[in-house]
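Work through the exercises below with the sequence and the structure in view. Each task is followed by a solution in steps.

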Amino acid sequence: MAASDELGAITKAFSGFGVDEKSLISILGKWHPEQRQTFRKGTRDFFIQDERKFERWDDRHVIQLQHEFLRFKHAIVLWTMHQWERDARLLKEALYKGPQHNVLIEVACTRSSEELLGARRAYHSLFDHSVEEDVAFGIHGPERKLLVALVSSYRYEGPKVNEETAKSEAKFLSGAIKGAAGNKNLIENDEVVRILVTRSKLHLISVYKHYKEISGNNLDEDLEGDLYLQETVQCLCKPQAYFSKVLDASMRPNVDEIKKEAVTRIIVTRADVDMKQIKEEYNHKYGVSLPNKIEDVANGNYRDFLLTLVARGY
Amino acid sequence: MSTLCVPAHVPSVAEDCEQLHKAFTGWGTNEGLIISILGHRNAAQRKLIRQVYAETYGEDLLKALDKELTNDFERIVLLWTLDPSERDAYLTNEATKRWTSSNKVLMEIACTRSPKELLLAREAYHARFKRSLEEDVAYHTHGDFRKLLVPLVSSYRYGGDDVNLTLAKSEAKLLHEKISKKAYNDDDLIRILATRSKAQINATLNQYKNEFGNDINKNLKADPKDEFLAILRGTIKCLVCPEKYFEKAIRLAINRQGTDEGALTRVVATQAEVDMKIIKDEYQKRNSVPLDRAIAKDTTGDYEKMLLALIGQEEA
């Protein structure tokens with residue numbers, strides 16, 4: 001391999017998601033001290049020129065490397081876990097790392113009623129608390145009611161939907177959204193929250209459909225002003241579109257670690273559920289296949305593991 | 001403890017079904033036979049009887065009972081025959097349909113059942129009514145009542161004995177603060193009652209009493225007519241001393257005080273296999289007269305006989 005190609009390969013090996021173990025071993029491992037120095041001098045991103053005349057690792061990048069080396073381990077452990085423990089731990093982590101409202105909403109709304117119940121049971125075992133007491137205690141502000149209710153929901157999952165009720169609730173939402181300037185107070189509207197938090201998913205899909213007929217717009221688009229309500233609707237009514245959107249946002253260059261973690265979380269938790277549809281949505285929306293995008297941004301074992309999960313065809 | 005008396009030698013399910021069927025056929029109904037069978041079978045046995053009855057006679061036992069029986073006697077037999085979780089689903093659904101701010105049933109069921117029992121009730125609710133319990137409660141209640149009741153029926157409390165005393169102290173302080181300001185519908189007050197485990201709430205209320213001198217319910221009596229305060233007091237009682245709550249509900253029903261006339265039927269049918277023994281002891285302690293005597297004095301006929309059978313009074 002030409003010297004410049006080698007430099008490029010090692011730079012890539014340390015960038016993006018995960019690390020390219022093979023290249024680090026076969027290329028970096030055989031580099032003489034001068035070659036390593038060339039690398040250090042040549043990559044401004046990873047090394048800083050110290051005033052005492054040597055190139056030192058940028059601490060931030062070393063910290064990031066820790067995440068990158070562990071990304072594969074984290075994915076494996078998450079994948080092997082029982083789904084209930086996985087969701088319980090994701091909820092707990094979302095509470096103390098942030099809190100990350102989007103993860104709480106994602107887990108509460110995209111799992112089936114029985115799966116969410118299982119997660120709540122596991123939460124009891126793992127943390128000696130109920131998930132709702134921790135969410136209620138850890139979240140403040142107007143979004144608390146929404147989030148506590150979402151993690152406590154046990155929605156009806158049968159086929160029966162009352163179309164008349166769905167229609168009138170769509171009408172109500174249309175009026176409420178128009179009336180709330182900039183959606184700032186919408187999350188404090190008890191009726192809006194009631195509908196989103198208690199109705200079955202099929203019922204809400206029907207509400208979504210009626211809303212479009214009444215107002216001409218999509219319900220989630222009209223909820224632009226309130227991120228939590230918007231995300232709730234997307235997770236409940238069109239989860240695959242939601243997941244493909246989050247995946248895209250997480251794989252952009254220079255996103256923070258918290259955003260990057262979404263890639264593992266989504267692929268591991270959806271591989272056995274609706275990965276096929278997520279791939280279709282992704283392709284349709286962003287014009288590139290999800291596997292190709294992963295090839296592009298991820299490295300080594302982590303990349304290979306993700307590709308294996310994504311190819312499973314569910 | 002249960003007060004149900006199941007005979008030492010129980011007839012076969014087929015025999016029970018045959019006898020029940022005989023009780024319905026011909027002129028009139030043999031209520032005594034119904035009481036002597038159903039009033040002396042536990043939940044597992046009753047479930048089997050329903051199953052075999054339907055297989056043998058092509059009709060749900062409950063439908064037959066509904067056709068043949070009337071009034072209070074019918075209600076208690078129907079409620080009693082149902083599976084505990086179906087019963088809770090039925091009672092909560094009824095409560096939402098005829099909900100008023102003095103209705104205590106939703107709170108009672110949400111708070112006196114164990115976390116698992118409440119879950120089973122919610123499951124049974126899906127199966128029977130094709131909606132979730134919380135969506136109906138949210139739809140039919142409003143204001144502060146909705147704010148309290150929806151989280152109560154949605155709770156899946158931690159069921160262990162682990163208690164955090166530091167937290168109990170700080171939440172007792174928080175409760176006292178809110179109550180002193182008369183902020184009874186405060187978000188944090190409701191949060192504590194609706195999400196903490198029963199053991200944790202008990203610890204918190206003990207701290208409250210230690211720190212502030214009174215039982216918390218004493219401080220929630222500012223306005224005797226305030227129905228929200230009544231529900232709050234009921235919530236607390238149901239969570240930490242349900243037998244006292246049930247004793248009072250029965251006492252008021254028997255004395256024709258208050259608005260919950262159906263309490264006697266409901267409490268006996270739902271508690272006979274659960275805590276009726278403790279409730280009887282409470283009743284005796286509080287009223288200086290045994291519960292069966294009070295029931296015998298206040299009720300008549302087959303209704304009385306069924307109640308007495310369920311609370312374990314040996315037949316004369």
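On a 1 Å grid over the protein atoms alone, a cavity is a set of points where a 1.4 Å probe fits but cannot get out, and a pocket is an open set with protein on both sides within 12 Å along at least five of seven lines; lining residues have an atom within 4 Å of a point. Grid points are joined across faces, edges and corners, and a volume is the space filled by probe spheres set on the points.

This is a predicted model, in which local features need pLDDT of at least 70 and side-chain atom pairs count only at pLDDT 80 or more, while totals for chains, interfaces and linings use all residues. Residues are numbered from 1 along each chain as its sequence is written, chains are lettered from A in the order in which they are written, and side-chain values use heavy atoms, without hydrogens and water.

**Exercise 1. Describe the largest cavity.**

Step 1. The largest cavity holds about 110 Å³ of space, and the count of cavities of 30 Å³ or more is four.

Step 2. Its lining consists of A:His74, A:Leu78, A:Leu90, A:Glu93, A:Ala94, A:Gln100, A:Val103, A:Glu261 and A:Arg265.

Step 3. Helices (H or I, at least four residues) are DSSP runs numbered from the N terminus, as are strands (E, at least two). H5 of chain A gives the largest share of this lining, three residues.

Step 4. Sort the lining by class: Ala, Val, Leu, Ile, Met, Phe, Trp, Tyr, Cys and Pro count as nonpolar, Asp, Glu, Lys and Arg as charged, and the others, Gly among them, as polar.

**Exercise 2. Describe the second largest cavity.**

Step 1. About 60 Å³ of space lies in the second largest cavity.

Step 2. Residues of its lining include A:Ala108, A:Arg111, A:Glu157 and A:Lys201. By class, two are nonpolar, three polar and four charged.

**Exercise 3. Which residues lie closest to the centre of the largest pocket?**

Step 1. The volume of the largest pocket is about 1100 Å³.

Step 2. Its lining has 38 residues, and B:Asn217, B:Arg233, B:Gly234, B:Lys237 and B:Lys248 are the closest to the centre.

Step 3. Helices H13 (198-212), H14 (227-240), H15 (242-254) and H17 (276-287) of chain B each give two or more residues to this lining. Its classes are twelve nonpolar, nine polar and 17 charged.

**Exercise 4. Describe the second largest pocket.**

Step 1. This pocket has a volume of about 690 Å³.

Step 2. Among its 34 lining residues, A:Lys145, A:Leu146, A:Ala149, B:Lys147 and B:Pro151 lie nearest the centre.

Step 3. The classes are 13 nonpolar, ten polar and eleven charged.

**Exercise 5. Describe the interface of chain A and chain B.**

Step 1. Count contacts (heavy atoms within 4.5 Å): 25 residues of chain A touch 28 residues of chain B.

Step 2. Buried area is the accessible area (1.4 Å probe) that two parts lose on being put together, summed over both. The two chains bury about 2500 Å² between them, 56% of it on carbon and sulfur atoms. A:Glu133, A:Tyr154 and A:Tyr156 supply 25% of the area that chain A buries against chain B.

Step 3. Search for salt bridges (a side-chain nitrogen of Lys or Arg within 4 Å of a carboxyl oxygen of Asp or Glu). Four are found across the interface. A:Glu133 forms a salt bridge with B:Arg196, with the closest N and O atoms 2.6 Å apart.
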